[in-house]
Amino acid sequence: MTSKLKVNILADGGDNAIMTSNGSGTLTLNNAALKATPAFFATTSGASSVTHNVTTKVTFNTEVLDTNNNYDASTNYRFTPTTAGKYFCFVSLSVQKIGAVSNTKFLEVDLNFNGSLKYRSYMDYSNSDAYAANGTVNGVIDFNGSSDYIEAFMKLQTADGNNAQILGANYSMFGAYRIIGA
């Protein structure tokens with residue numbers, strides 16, 4: 001036996017629409033508490049140079065997703081959500097050497113919260129012949145909904161002291177989204 005419940009509007013006790021359907025299978029969540037927003041996802045527009053052994057803010061300047069216009073992709077490259085809550089935040093970077101092939105010694109990828117280190121991923125490549133390096137860091141951060149923000153930083157050290165470049169859009173990304181129910 002099959003049971004069906006057919007509705008176009010799911011409402012609460014105050015007759016507020018929590019969810020609506022257009023009758024063709026498309027659902028719309030009308031309650032902010034049910035949405036994983038604000039959320040953003042940004043990439044780099046192309047390869048950008050970074051200086052050997054210097055902590056550098058990563059300029060994720062291409063917005064792929066920014067539900068509430070909370071990510072600044074033009075000047076300070078930071079996410080400042082306006083809704084309080086716990087957020088899953090992540091940074092993933094791919095870098096490669098510029099010029100002569102030389103070993104990468106280490107790569108640090110940092111997720112900073114309100115100007116201070118919150119999470120760091122450290123990859124030691126000193127015992128390899130890596131020409132390129134990859135690093136990812138992620139974690140859950142509790143935002144106050146008004147002034148808290150996150151930024152992405154990195155530091156790369158190479159065996160010969162040459163600079164490197166962050167690889168572009170398909171290789172490096174930065175994002176966050178609010179965790180529903182947390």
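How many helices and how many strands are there in the chain? There are zero helices and 14 strands. Read from the N terminus, the order of elements is therefore β-β-β-β-β-β-β-β-β-β-β-β-β-β. The model is predicted.

How far can the prediction be trusted along the chain? The mean pLDDT of the chain is 86. A score of at least 70 is reached by 90% of the residues. The elements mark out a range. Strand β3, residues 27-29, has the lowest mean pLDDT among them, at 69. Strand β14, residues 173-178, has the highest, at 97.

Now take the chain as a whole. It has 182 residues, and 37% of them are buried. Its accessible surface comes to about 9,600 Å². Carbon and sulfur atoms account for 49% of that surface. Contacts reach across the sequence. Of those between residues at least 6 apart, 68% join residues at least 24 apart.

Next, look inside. The largest nonpolar core has 32 residues. F60, Y71, V91, L107, I150, M154 and F174 have the most contacts inside this core. Two or more residues each come from β4 (39-43), β8, β9, β11, β12, β13 (164-166) and β14. Which element gives the most to this core? Strand β8 does, with five residues.

Charged side chains come next. Side chains of opposite charge can pair when their charged atoms come close. In the whole structure, a search finds five salt bridges. Three residues, K57, R78 and E151, are linked in a network of such bridges.

Start with K57 and E151. Their side chains meet in a salt bridge, with N and O at 2.5 Å. K57 belongs to strand β6 (residues 56-57), while E151 belongs to strand β12 (residues 150-158). The two are 94 residues apart, and the pair links distant parts of the chain. Is E151 buried or exposed? E151 counts as buried because its relative accessibility is 4%, and the cut-off for buried is under 20%. K57 has a relative accessible area of 26%, so K57 is partly exposed.

R78 also pairs with E151. In this salt bridge the closest N and O atoms are 3.0 Å apart. R78 sits in the loop between β7 (62-66) and β8 (85-97), and E151 in strand β12. R78 counts as partly exposed, at 22% relative accessibility.

Another salt bridge joins D142 and K86. Their side chains meet at 3.5 Å, N to O. D142 lies in strand β11 (residues 132-143) and K86 in strand β8, so the pair ties together parts 56 residues apart in sequence. Both residues are partly exposed: D142 has 47% relative accessibility, and K86 has 33%.

Two more residues are worth a stop. The first stop is D110, in strand β9 (residues 104-113). At 4% relative accessibility, D110 counts as buried. Which side chain does the side chain of D110 make a polar contact with? The partner is R120, at 2.7 Å. Leaving aside neighbours within four places in sequence, D110 is in contact with V91, L117, Y119, R120, V137, E151, A152 and F153. Two names in that list have come up before. E151 takes part in the salt-bridge network, and V91 is among the core residues with the most contacts inside the core.

The other stop is T136, placed in strand β11. T136 is partly exposed, with a relative accessible area of 43%. Residues up to four places away in sequence aside, T136 touches V91, S92, V109, S121 and M123. The side chain of T136 is joined to that of S92 by a polar contact of 3.1 Å. T136 and V91 are 45 residues apart along the chain, yet 5.6 Å separates their C-alpha atoms.

Terms used. Residues are numbered from 1 along each chain as its sequence is written. This is a predicted model: local features need pLDDT of at least 70, side-chain atom pairs count only at pLDDT 80 or more; totals for chains, interfaces and linings use all residues. Side-chain values use heavy atoms; hydrogens and water are left out. Helices (H or I, at least four residues) and strands (E, at least two) are DSSP runs, numbered from the N terminus. Buried means under 20% relative accessible area, exposed over 50%, partly exposed in between (1.4 Å probe, protein chains only). Contact means heavy atoms within 4.5 Å. Accessible areas come from the Shrake-Rupley method with a 1.4 Å probe; for residues, only the protein chains shown count as cover. pLDDT is the predictor's confidence in each residue, from 0 to 100. A salt bridge is a side-chain nitrogen of Lys or Arg within 4 Å of a carboxyl oxygen of Asp or Glu. A polar contact is a pair of N or O atoms within 3.5 Å; within protein, one must be able to donate a hydrogen and the other to accept it, and residues adjacent in sequence count only if both atoms are side-chain atoms. A nonpolar core is a set of buried Ala, Val, Leu, Ile, Met, Phe, Trp, Tyr and Cys residues joined through side-chain atoms within 4.5 Å.
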